[in-house]
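Hi everyone, thanks for coming.

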Amino acid sequence: MRTPWIAILVLVGVAGCQCGEQPAEVTVAPHYAGWEAVVDAVARGDRRDAAERSRLMTEGEPSLWSGPGAEDANARVGAGLGFIAMAEDSEELADGLASAALGCGDCHAAAGATHELERPALAHPTAARWVAWGLVWHDPRIPASEDERLQPLIQQWSEPVPKDTDGVDPQVAQAARWFAACARCHSESG
Ligand code: HEC
Ligand code: HEC
């Protein structure tokens, strides 16, 4: 069963932004603290860990950048993380992660934020991080890889995403398919 985005957008989008009268919890962590741990948990298909880590992240401080598009982007990140926390299977985990990542990317694009992204070579253990960072920085490249297990995923990356995506952004659907493939194989192989 898929929970509609809009239902949690309201809940989590609000919880994720420090807009009330209450003073924000003091945190020195940057706005992306814990991100890779969320990505890794989703790739393992570990719902409990992914839920815990995405909750920790939503409790953190969102980016304080407040130009046009910031609010929508923060809400999108919050909703994606909230979706992960409530996911009932690894496909939903993957959907939430892809959507959150695109939210990160939306704001970076709006803010003109740049970053010398040091990505490790695309390899099996880091292949979910590769795609997640790709969305965060609007860089969808998937280079060639020697890793046999990644070949079907790389092949699929260039194929059109299924049309039954319920209005989900094709970029999100494409990335979600990648993340879900990691978790699917890991749960099959124990
Ligand atoms: C509302 C806007 C916004 C959102 C949402 C956002 N960011 Fe950022 N991010 C920025 C801005 C602006 C910068 C540029 C540096 C700065 O001002 O902090 C930045 C910089 C970064 C950097 C580079 C930091 C450095 O030291 O160079 C990373 C990494 C990053 N963001 C990751 C993320 C991730 C991961 C997410 C989503 C979970 C995210 N951001 C969501 C606005 C945002
Ligand atoms: C076709 C099956 C398959 C696919 C697809 C797959 N994995 Fe794996 N993965 C495994 C198996 C089996 C292991 C257990 C250790 C081993 O044999 O390397 C593993 C182990 C891992 C580990 C632990 C590695 C270590 O050094 O301890 C990580 C991290 C990992 N996979 C990440 C990913 C990510 C990210 C993706 C998706 C981009 C992915 N895997 C896709 C089968 C797969």
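The protein chain has eight helices and zero strands. Here, helices (H or I, at least four residues) and strands (E, at least two) are DSSP runs, numbered from the N terminus. Read from the N terminus, the order of elements is α-α-α-α-α-α-α-α.

A quick word on what you are looking at. This is a predicted model, in which local features need pLDDT of at least 70, side-chain atom pairs count only at pLDDT 80 or more, and totals for chains, interfaces and linings use all residues. Residues are numbered from 1 along each chain as its sequence is written, while chains are lettered from A and ligands numbered from 1 in the order in which they are written.

Of the 190 residues in the protein chain, 38% are buried, where buried asks for 20 or more other C-beta atoms within 10 Å of the residue's own, with C-beta atoms placed from the backbone. Now the contacts, meaning pairs of residues whose C-beta atoms lie within 7 Å. Taking those between residues at least 6 apart in sequence, 70% join residues at least 24 apart.

Let's turn to the ligands. How many residues surround ligand 1? There are 18, and the closest are Tyr 32, Ser 63, Cys 104, Cys 107 and Ala 113. To be counted, a residue needs its C-beta atom, placed from the backbone, within 6 Å of the molecule. Helix H4 (70–85) and helix H5 (90–111) are the elements that give two or more residues to this shell, and H5 has the largest share, six residues. By type, the shell around ligand 1 holds twelve nonpolar, six polar and no charged residues. For these types, Ala, Val, Leu, Ile, Met, Phe, Trp, Tyr, Cys and Pro count as nonpolar, Asp, Glu, Lys and Arg as charged, and the others, Gly among them, as polar.

On to ligand 2. The residues around it include His 124, Arg 149, Cys 182, Cys 185 and His 186. Helix H6 (127–136) and helix H8 (170–188) each supply at least two residues of this shell, with the largest share, four residues, coming from H8. The shell around ligand 2 divides into eight nonpolar, three polar and one charged.

Finally, back to H4 and H5. Their axes, lines fitted to C-alpha atoms over the stretch in contact, are 7 Å apart, and the helices pack at an angle of about 165 degrees. That makes H4 roughly antiparallel to H5, a term for angles over 145 degrees. The residues of their contact are 14 nonpolar, four polar and five charged.

How values were computed:
A residue is buried if 20 or more other C-beta atoms lie within 10 Å of its own, exposed if 12 or fewer, and partly exposed in between; C-beta atoms are placed from the backbone. Two residues are in contact if their C-beta atoms, placed from the backbone, lie within 7 Å. Axes are lines fitted to C-alpha atoms, for helices over the stretch in contact, and angles run from 0 to 180 degrees between N-to-C directions. Angles under 35 degrees count as roughly parallel, over 145 as roughly antiparallel, 65 to 115 as roughly perpendicular and the rest as oblique.
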